[in-house]
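Subject: Structure handover

Dear colleague,

I am passing on the structure below, and my notes on what was found in it follow.

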Amino acid sequence: MRKPFVAGNWKMNKTVEQASLLVADLLPGLQAIQKIERVLCPPFPSLMVISQMIAGTDIGLGAQNMHWEESGAFTGEVAPAMVKEFCDYVIVGHSERRQFFAETDQTVNAKVKAALKMGLTPIVCVGETITENEAGRTAEIVQREVLEGLKDLSSEDAVKLVIAYEPIWAIGTGKAATSQQAEDIIGKIVRGSLADRFGSESAEQIRILYGGSVKGSNAAEFFGMPDIDGALVGGASLKADEFIQICQAAQGSIK
Ligand code: PEP
C-alpha cells in the first residue's frame, strides 16, 4: 500500500507574514485529514516560522530546491544540512528550475543523492514540453529524466523518494492532462522504467504524483487512477480551501 501524498509548491509567492497567515488558515483543515502525507513547500525565508507553526502535527515541510554540495563558495545557494534543519522533503528538478536555472539530469541526480544522504525525501520532477509532447516524444523524455535523475541509486534508496510527473504544458496553464493521459505515462513509463531499473517490487513501493493544474474540482479524478499516488500542486496550494479540498480528495481515494 502506497500512502497518498499531496505537496504544495508555493513557488516564489508569499512573504513570511503572508505565509504565516496561509498556514494559520490551512492548519485546522489539514489536521483533520488523516492517512495522507501532506507537505508544504514555501520559499526558504518562511521555512523556520512554518516549521514552528506545524511542530507537533504530522504535516510535513519541504524546500523547493537545494544545492548538492555540503558547503562552500556557492553564493546564493542553500546546502542540504540547512534544508534539513527545518525540512524532511525537498523538490528537485522542477521544470522551472530546469528551464530558468539550467538544471540538467546530472544536477538533478547530484541533488537526489545529496538529499538522500541527508535523510531528506526528494520529490523528483519529470515531464515533457508541449513541443516534445506534440512530436510524440513524451515517453522518451520522461524515461530519460527518470533514469538519469536516479542514476546509480540502489533499490533501498529508490523506494524512499517520490516522483512527480508534471507535463510542462499543464503547469500553471489551467489545462490539466486528462486523468487517463496521466495514468498512462505514470503507470507505463514512470513506474515501468522504475521496474526495469529497480525491479517491480521496488517500483510498486515508489509514490508517483501527478502535477499540472490540479485543483479541488479535478483532484479526485487523478487520485482514482491506480498508479497515481497523489499530487504536486502549484497555484491551488496558495488557497487554503483549494489545497484542503485536494487533500480531502486524496483521503476519499483510499480504498
Ligand atoms: C507545479 O508548480 O509543480 C505545478 C504543478 O503548478 P500548477 O499546479 O499551478 O500547475
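A salt bridge is taken here as a side-chain nitrogen of Lys or Arg within 4 Å of a carboxyl oxygen of Asp or Glu, and the structure holds 19 of them. This is a predicted model, in which local features need pLDDT of at least 70 and side-chain atom pairs count only at pLDDT 80 or more, while totals for chains, interfaces and linings use all residues. Residues are numbered from 1 along each chain as its sequence is written, and side-chain values use heavy atoms, with hydrogens and water left out.

One of the salt bridges joins the side chains of Arg-98 and Glu-145, at 3.7 Å from N to O. This pair links distant parts of the chain, 47 residues apart, with Arg-98 in helix H4 and Glu-145 in helix H7 (residues 138-149); helices are DSSP runs of H or I with at least four residues, numbered from the N terminus.

Polar contacts are pairs of N or O atoms within 3.5 Å. A backbone N or O atom of Gly-172 lies 2.6 Å from an oxygen atom of the ligand, and for a backbone N or O atom of Ser-213 the distance to a ligand oxygen is 2.7 Å. In the side chain of Asn-9, an N or O atom is 3.4 Å from an oxygen atom of the ligand.

Best wishes

How values were computed. Polar contact = N/O pair within 3.5 Å; in protein donor to acceptor, adjacent residues only side chain to side chain. Helix = DSSP H or I, 4+ residues; strand = E, 2+ residues; numbered from the N terminus.
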